[in-house]
Amino acid sequence: MSAKNHKQWKIPAFEQGDYVDSRIYSDQNIFDEEQDKIFKQVWIPVCHESELPEAYDFRTTSIAKEPIIVVRGKDNEVRAFLNVCPHRGMRIERRTAGSFSDGQPSGNPKHMTCMFHAWQFDMKGNCVDIPRAKEGYQDRLTKENVGLRRLRCEVRFGGFVWVTLNDKVEQDLEAWADGAFECIRSAIDTEPLEVFHYHKAIIDSNYKLWHDTNSEFYHDYMHYHNRVTGFNDEYFARTNKGFKNGHVNVNSFTVQYGEFELGESREDLSFPGFPPNQWYMIDLFPGMNFNLRGSALRCDIVTPLGPNKVMIEFRGLGLKSDSQKDRKTRIEHHNSIWGPFGRNLHEDLLGITGQGASMQTGSEPRRILHGRHENNLIHDEIGMRHFYDEWSKWMGRNPSDPMDEQRKVLAAE
Amino acid sequence: MNAMKAAITAAVTDIVYRSCLYLDNGNWGEFLNLCDDSMIYSIKAYSVEIRRDMEYLSHNKKELGTLTEMLPKLNSDHSPLRRHASVYTVDIGEDGETATAVTSLAVYQNMHDGINSHIDSGETRLFLVGKYLDKFKISGESALLIEREVRLDTRRLDKGTHHLI
Ligand code: FES
Ligand SMILES: [Fe+2]
């Protein structure tokens, strides 16, 4: 049988788990549920500590539409709060990054000030001033009653700042990651890292399609660069390893950077204790990726904006101690592949854009195949299957049958 | 001297505009002919998020040649980029051997495929805005590019591109 009608097309001889229903990428209700059941519950990396190097530096971000501010106190501690004023709900800080050392038109130095009615807060989130409090609130409300909403926050795994909206989060970050970072631990935790690259993309596609791309290497066929620098016995011997909580990592091989016309070996520049020209990949549930490749660390953070819209933030990192020359080399290596004008990233983004075009809300449900089995080797799609096993637990939905239709039909028979 | 200055200014302006046409049309070889062997090309932007200057791409003339020859092997968007440029200033060095030019730049994308070619093709979108900060080597009344920094204002580049800006 060649071309198929819709019913035939939906049924390859695959077990559930070897495919997902395309509606998990396009349904508005599923998207809304994911925000509540997953993104508001788990640890999310929101920025890197080098983006707020000095006391009183801040960075604003968001998780599941909740605005967040990360600040460094004068005690050097990094803390996170909802970026929301307890008075009438104004967003307190509007800039994306900066410092509170200097005053603002309606605020004193070294304070976070809501510009609306000038309530002021210190770097620990305490409210330290309410203009004319006594006159308006008498003794019914004082500044002691109204601090900022503090969020659980940890700086970990190479200096990333992780935040959760979940006050009752059961696992600390170390337990949550379940050892997925151990393969690059000494490389990223021996000495401080520093961000040198940031850019973002907003794509009409589902966030999980980006994470899927980061979780499968079969698409290396799309990248000329990866075909010529990889695709040798060592590459095909790489394995995927699953961890608790839906995380996966992929072990390394020696990339033949010299095989690429514009490439050069990267053996002179690496990370502490990290052999040259290696490439490890860590995919963290529910959509974060850490990619240590030769001389640069890349991190992708997804912010889902709708069933068919995602923002992806891309960061590149080197060592804080880098000489100017080494830093320039790291930047070149990073951006020649992963920058907005780099060889691979553009192709990866074209891939999920095309998937997004075919999986818009209301489109005919399809089966998206995750069924390559190859002893967990590099082109085995175990990474995606492992992710969706976890997704299923948080969502209470079967990704192969998210609307419970197949189960009902079987039960009726 | 004023006639000389005017001639150099005209030569520099001509190179900037020609470079736009050649890049628009994908005439990479012609573009490289406007460049001295010492040419350095870069794309830079300042990130307000990480409060750092960033270098998105950096190549010498030889690498630019390799990069542009490689384009047919890479998967890319089919939508061509088109420049609108205005040369704001041309300044000639005191020794008369170098010049710099600042050019305001808008790059549009004429959609051939986009998200779904059936719907998007034919549309023109703003791809980015920025400036060309160019340096030239002058000999007599002719000029060659020795440095081009594409200084981007736009930092949300979404799908990005394999092409030179
Ligand atoms: S809303 Fe913030 S001070 Fe009034
Ligand atoms: Fe890729």
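Reply: Let us begin with charged pairs across the interface. Between chain A and chain B, the count is 4 salt bridges. Please keep in mind throughout that this is a predicted model.

Me: Which residue of chain B forms a salt bridge with Asp57(A), and how far apart are the closest N and O atoms?

Reply: The partner of Asp57(A) is Arg51(B), and the closest N and O atoms of the pair are 3.5 Å apart. Polar contacts are a separate count: the rule finds 20 residue pairs in polar contact across the interface of chain A and chain B, both residues being at pLDDT 80 or more.

Me: Which elements of chain A give two or more residues to the side that touches chain B?

Reply: They are the strands E3 (57-63), E6 (97-99) and E12 (193-203), together with the helices H9 (324-338) and H10 (345-358), of chain A. E12(A) gives the most to this side, with 10 residues. By class, the residues of the side of chain A that touches chain B divide into 20 nonpolar, 10 polar and 12 charged.

Me: How is the size of an interface expressed?

Reply: The size of an interface is often given as the accessible area that is lost when the parts come together. Here, the area buried between chain A and chain B is about 3,400 Å², and carbon and sulfur atoms give 61% of that area. In terms of residues, 42 of chain A are in contact with 35 of chain B.

Me: Let us turn to cavities. How many cavities of 30 Å³ or more does the rule count?

Reply: The count comes to 3 cavities. The largest cavity holds about 140 Å³ of space. Its lining consists of 16 residues, and those nearest the centre are His219(A), His223(A), Trp279(A), Met281(A) and Asp348(A). Helix H6 (207-215), strand E15 (279-284) and strand E16 (288-293) of chain A each give two or more residues to this lining. Its residues divide into 4 nonpolar, 7 polar and 5 charged.

Me: What is the volume of the second largest cavity, and which residues lie nearest its centre?

Reply: The second largest cavity has a volume of about 70 Å³. It is lined by 13 residues, with Ile44(A), Ser62(A), Ile63(A), Val302(A) and Thr303(A) nearest its centre. Strands E2 (44-48), E3 and E17 (296-306) of chain A each supply at least two lining residues, and E17(A) gives the most, with 4 residues. The lining has 9 nonpolar, 3 polar and 1 charged residues.

Key:
Residues numbered from 1 in each chain as written. Chains lettered and ligands numbered in written order. Predicted model: local features only at pLDDT ≥ 70, side-chain atom pairs only at ≥ 80, totals over all residues. Heavy atoms only, no water. Contact = heavy atoms within 4.5 Å. Buried area = accessible area lost by both parts, 1.4 Å probe. Salt bridge = Lys/Arg side-chain N within 4 Å of Asp/Glu carboxyl O. Polar contact = N/O pair within 3.5 Å; in protein donor to acceptor, adjacent residues only side chain to side chain. Nonpolar A, V, L, I, M, F, W, Y, C, P; charged D, E, K, R; others polar. 1 Å grid on protein atoms, 1.4 Å probe; cavity = no way out; pocket = protein on both sides within 12 Å on 5 of 7 lines; lining within 4 Å. Points joined across faces, edges and corners; volume = space filled by probe spheres on them.
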